[in-house]
Amino acid sequence: LINKEIKIYGLYDPEDYGLDINMWLNSNGNQIKDIFSRINKINLSEDASKIMEIALLTNAHPPKIDMSEKDFLDLKSKWLIKNSDLILIEEYLIKNQVIDLQPKLTRYLLDQYLSEANIDQACNIFSKNTKPIEDHYLSKFNIYCLINEGKKEEAQLYFDLKKELGFNEKYFEDKLNYLYGFTNVIDSTVSEDSILEFHLAHKTNPEFSF
């Protein structure tokens, strides 16, 4: 016998708002996508935005017609990014343990914190994560956070496992070697257009700036 786990992602219980856990189940996925595509182009009022939040983040089964579970999750993520409520995003990611499952939403949250130089808040998210992280960017971020928290042995073990699985990025490894104290050579270049790479460059050389 195969035990199939039913996954429902959300923040609110349906009973709290007089809703039903099956409220999306028989909806047509293509119609939902079209509706939300149009909604995302509109600046909603505060009341309308709250209604959208309740509709999307109430625990409910995803539609079973023309929409996959991933599509439904992506719909939630796009709305959360547009709404840009960082506290709500973090609560959603942590409660549902979808940090790796929804990498664009997670990266958006992390980059917002880093843009405010709030590294501790960004790294705190990983300390609450209990699922494996396979996303390339997020796994690098996790390693950086472990080092930043003084957990160098754990970070090294995680990094060694990634290398055994084929990870090969000289820029990132050079930065880690400096943070580990394996080398005194400083390279202030940035390898890609990302805030994490900027912070790595700044961490190894505090005088670095764009």
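**View 1. Glu149 is partly exposed, with a relative accessible area of 38%.** Partly exposed lies between buried (under 20% relative accessible area) and exposed (over 50%), using a 1.4 Å probe and protein chains only. The model is predicted: local features need pLDDT of at least 70, side-chain atom pairs count only at pLDDT 80 or more, and totals for chains, interfaces and linings use all residues. Residues are numbered from 1 along each chain as its sequence is written, and side-chain values use heavy atoms, leaving out hydrogens and water. Glu149 meets Lys151 in a salt bridge, side chain to side chain, at 3.6 Å from N to O. Lys151 is also partly exposed, at 39%.

**View 2. Lys163 and Glu173 join their side chains in a salt bridge of 2.8 Å, N to O.** Lys163 sits in helix 8 (residues 152–164) and Glu173 in helix 9 (residues 170–180), so this pair ties together parts 10 residues apart in sequence. Helices here are DSSP runs of H or I, at least four residues long, numbered from the N terminus. Lys163 is partly exposed at 36%. Glu173 is partly exposed at 22%.

View 3. Arg107 is partly exposed, at 28%. Asp111 is buried, with a relative accessible area of 15%.

**Counting the bridges.** A salt bridge needs a side-chain nitrogen of Lys or Arg within 4 Å of a carboxyl oxygen of Asp or Glu. This rule gives 10 salt bridges.

Technical notes. Helix = DSSP H or I, 4+ residues; strand = E, 2+ residues; numbered from the N terminus.
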